[in-house]
Amino acid sequence: MKKIQLVLEFCLSCSIVFAQEKDKKIPYEFKSSGNPIISHKYTADPATLVHNETVYLYAGHDEAPAREERYVMNEWLVFSSKDLKTWTEHSVPLRPSDFSWAKGDAWASQVIEKNGKFYWFATVEHGSVHGKSIGVAVADNPLGPFKDARGTALVTNDMTKATDISWDDIDPTVFTDDDGQSYIFWGNTACYYAKLKDNMIELDGEITQVPLPTFTEAPWVHKRGNWYYLSYAIEFPEKTVYAMSKSIHGPWEYKGILNEIAGNSNTNHQAILDFKGKTYFVYHNGAINHNGGSYRRSVCIDELKYNPDGTIQRIIMTSEGVL
Ligand code: CA
């Protein structure tokens, strides 16, 4: 009887996954019905970009088979929207296999525009240098196709040694200041940053560690007025916290929790999006019906509100989202 029950449970689990991951004809247009905003595929580690009044949402694709509790991520996905309600899924814009030196793992990434081109900074597993690395791909438009911009990794595990772990060089976020200088921040356990050359595909000078009281991963840098904001995940399961500074070089003043543990997911990876006069907090949780969790995550969007002194109100995660 127990065996039959297990088989039934397994089949039920399979059918949910297969029902969820239906192939759609690309481009596939759909309306979001709240959070999570995408329900036909699992999406994780969101990053956003606004170009020509359109939001581009980049995400890793969680593909863990039923009953396999591990990250299976073989490609990134891109979605676009002009109103955060109606979305279009486009062709797969990039895979780790597009980096000839990488061997897999489409982990967190961010795409940024500079000098009329779009640069994709992506975490992957390196094929010959032990550990995770950061690569850069480039395209002429936000939908790609993106191509490896260097032929080698921008950052490899052996370039940073603040910790012994092999996954401290992950989760890149790239920010261009008002003077045109671009910076890349990244890390796990230790948070690193460096200048980027104007070509966006080379580091310009030393890698420096950002002193923070505690840091797990998922940095995101943005600026509003004269304040620089560094938001990132702490602890595990993760909460998103943030720090503020008057300089991109710090010192960063820790400001506390921005977003609590996101339902049913150990990770909590944010992008902060300014669009049509409002600011949004884009993150993932594991709360999709009926089969989410840490390895089958889904992107959500809620509003982010500032206080008059520039600090940020705690995010209220909602099921309704921003509809
Ligand atoms: Ca390292």
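**View 1. A network of salt bridges links Asp 45, Asp 62 and Arg 297.** A salt bridge here is a side-chain nitrogen of Lys or Arg within 4 Å of a carboxyl oxygen of Asp or Glu. The model is predicted: local features need pLDDT of at least 70, side-chain atom pairs count only at pLDDT 80 or more, and totals for chains, interfaces and linings use all residues. Residues are numbered from 1 along each chain as its sequence is written, and side-chain values use heavy atoms, with hydrogens and water left out. Between Arg 297 and Asp 45 the closest N and O atoms are 3.9 Å apart. Strands are DSSP runs (E, at least two residues), numbered from the N terminus. Both Arg 297 and Asp 45 are buried; buried means under 20% relative accessible area, exposed over 50%, and partly exposed in between (1.4 Å probe, protein chains only).

**View 2. Glu 69 and Arg 296 form a salt bridge (3.0 Å, N to O).** This pair links distant parts of the chain, 227 residues apart: Glu 69 is in the loop between strand S3 (54-61) and strand S4 (76-81), and Arg 296 in the loop between S20 and S21. Arg 296 counts as buried because its relative accessibility is 3%.

**View 3. Glu 68 and Arg 70 are joined by a salt bridge (2.7 Å, N to O).** Glu 68 has a relative accessible area of 30%, so it is partly exposed. Arg 70, at 45%, also counts as partly exposed.

**View 4. The calcium ion has protein donors from Asn 157, Thr 160, Asp 168 and Asp 169.** Donors are N, O and S atoms within 2.8 Å of the metal (3.2 Å for Na, K and Ca); water is not among the atoms, so sites may look incomplete. The protein donors lie 2.4 to 2.7 Å from the ion. In sequence, the donor residues follow the spacing N-x2-T-x7-D-D.

**View 5. Asp 168 is buried yet has no salt bridge.** Its relative accessibility is 0%. The nearest side chain of opposite charge, Lys 161, is 8.8 Å away; Lys and Arg count as positive and Asp and Glu as negative, while His and the chain ends are not counted. Asp 168 lies in the loop between strand S10 (147-148) and strand S11 (173-176).

Conventions
Helix = DSSP H or I, 4+ residues; strand = E, 2+ residues; numbered from the N terminus.
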